[in-house]
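I opened the model to look up how its chains meet and what spaces lie in it. My notes follow in the order of looking.

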2 protein chains.
Amino acid sequence: MKVVAIGAGSVATHLIGALHKSGCQIMQVYSRTIQSATALAEQVGAMAINHIYSVYSDADYYIFSVKDDALSEIITQMPKTKGTWLHTAGSVSMNIFDGFHHSFGVLYPFQTFSRQRKVEFSTIPLFIEANNDDALQSVNRLAMYLSDKIQLLSSDKRRYLHLCGVLSCNFVNHLYSLSERILQEQGIAFEALLPLITETVNKVKHLSPSEAQTGPALRNDERTMQAHLLLLQDDNLKQIYKLLSQSIYQTSKQ
Amino acid sequence: MKVVAIGAGSVATHLIGALHKSGCQIMQVYSRTIQSATALAEQVGAMAINHIYSVYSDADYYIFSVKDDALSEIITQMPKTKGTWLHTAGSVSMNIFDGFHHSFGVLYPFQTFSRQRKVEFSTIPLFIEANNDDALQSVNRLAMYLSDKIQLLSSDKRRYLHLCGVLSCNFVNHLYSLSERILQEQGIAFEALLPLITETVNKVKHLSPSEAQTGPALRNDERTMQAHLLLLQDDNLKQIYKLLSQSIYQTSKQ
């Protein structure tokens, strides 16, 4: 399997690294700056390029992992190639490729990637789609190099999955971050929270989140909620506290 | 160690169960209804009572695990006893006992408890305080039956810890719950989220949450955020999305 990587950011680094480990041949890594192209290319034995017209035309896959905003511009600049084009974005329709190439699709790894963290790719659910049966077979073949959790999902539904990723990962992490700041001000180490947040996740592996809900908002315990609002000095934070508490209580009554 | 349990709810069930397992003698379990007193009492070989004046006076510990609102009323109704009185509430001051008994304190297990879930008590951080050195030794002795993660914490600071528990557990679980509902409407199983939410927690075991932050709000990716807002039909949810996104972006610039 010959692969050209378009983009060298965090998703690309993990995805292309995993493909390399599984035996795919990474031919080239493109990035706008030669430095970041080189950083990834060196890890996977590929050539670093920073001109999109320099991509080889004979790879099996062209994997676009660039910022959503940059994607359409880079597609218009692509030279004619063989193989299948695919992107890895949660909220971009597959049809962004329409009219630019004959065989295209999406391979969306549903996970959070940070450069500092190694991720076991085989445990990541991959959501795929393609513009025809041949392209789908091709995307699926590539996906099987990475994980055995492969699922077909339309662009339309993928947007909702991405939204839930924002709620359950980005927003969740931000609540950890706000907690860390509050604890820091009280001289309490963030580590004190780890058993609680670990159990919060472990619970929903066995119970539905609606069954697992606890806390003052669920009990409509006004006294505790008022006391918490008094502790919060930031107006934005007060607003977040009120809205989420209301939402917990309303949801429990539905 | 002779213990009287005042309250038979979720925290009491886990805490008293763990003390019983560690070899403490649970003498009585009090609850307003004899049914719920009996349910816990039978598990720990204790007598069930539903009149507070029936509590024995010679226990070493009287552990109050009742709803915050009910606590002060029940304390005023307590007969004179020996031993140490303690409560397990995150946001109630230790001084609620002041004037009612000579030796009192707090033992706050910082964890989320659901009846359907077993919890390994030895891994739970216990935050304790007491009204004098003797009482503190006494509370500490009891805590050591439960966990080796014991930390001294004042009532004032404990309120902040409890607040962070609400943010990092109750609010987080609610975000899972909202995600579950959105996915359900799209015919996607909630299980698809589990690798992502597990990694989100695993990350903050090694990185600070502010370093671990990812997502469209952090990048100020207006296009994706607008697209997500269009997918959300509920006004309350739209508002939550906006506020948390703003907060992520503002925090990252501080």
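This is a predicted model: local features need pLDDT of at least 70, side-chain atom pairs count only at pLDDT 80 or more; totals for chains, interfaces and linings use all residues.

Between chain B and chain A I found 36 residue pairs in polar contact, both residues of a pair being at pLDDT 80 or more. I then looked up which elements of chain B touch chain A. Helices H3 (68-77), H5 (155-185), H6 (194-203), H7 (209-212), H8 (216-219), H9 (222-231) and H10 (235-252) of chain B each supply at least two residues to that side. H5(B) provides the largest share, 26 residues. By residue type, the side of chain B that touches chain A splits into 42 nonpolar, 33 polar and 16 charged.

**Salt bridges.** The count between chain B and chain A is 6. I wrote down one pair: Asp69(B) with Arg223(A), whose closest N and O atoms are 3.6 Å apart. This pair counts because the limit for a salt bridge is 4 Å.

**Contact and area.** How many residues of each chain are in contact with the other? I noted 91 residues of chain B and 91 residues of chain A. The area buried between the two chains is about 8900 Å², and carbon and sulfur atoms give 64% of it. In chain B, Arg117(B), Phe171(B) and Leu231(B) lose the most area to chain A; together they make up 8% of what that side buries.

**Second largest pocket.** I next looked at the second largest pocket, which holds about 1200 Å³ of space. Its lining has 43 residues, and those nearest the centre are Val11(A), Val66(A), Lys67(A), Asp68(A) and Arg219(B). The elements giving two or more residues to the lining are H1 (10-21), H3 (68-77), strand S6 (104-109) and H5 (155-185) of chain A, together with H8 of chain B. H3(A) gives the most, with 6 residues. I sorted the lining into 17 nonpolar, 18 polar and 8 charged residues.

**Cavity.** My search for cavities of 30 Å³ or more gave 1. The largest cavity has about 40 Å³ of space.

Conventions. Residues are numbered from 1 along each chain as its sequence is written. Chains are lettered from A and ligands numbered from 1 in the order in which they are written. Side-chain values use heavy atoms; hydrogens and water are left out. Contact means heavy atoms within 4.5 Å. Buried area is the accessible area (1.4 Å probe) that two parts lose on being put together, summed over both. A salt bridge is a side-chain nitrogen of Lys or Arg within 4 Å of a carboxyl oxygen of Asp or Glu. A polar contact is a pair of N or O atoms within 3.5 Å; within protein, one must be able to donate a hydrogen and the other to accept it, and residues adjacent in sequence count only if both atoms are side-chain atoms. Helices (H or I, at least four residues) and strands (E, at least two) are DSSP runs, numbered from the N terminus. Ala, Val, Leu, Ile, Met, Phe, Trp, Tyr, Cys and Pro count as nonpolar, Asp, Glu, Lys and Arg as charged, and the others, Gly among them, as polar. On a 1 Å grid over the protein atoms alone, a cavity is a set of points where a 1.4 Å probe fits but cannot get out, and a pocket is an open set with protein on both sides within 12 Å along at least five of seven lines; lining residues have an atom within 4 Å of a point. Grid points are joined across faces, edges and corners, and a volume is the space filled by probe spheres set on the points.
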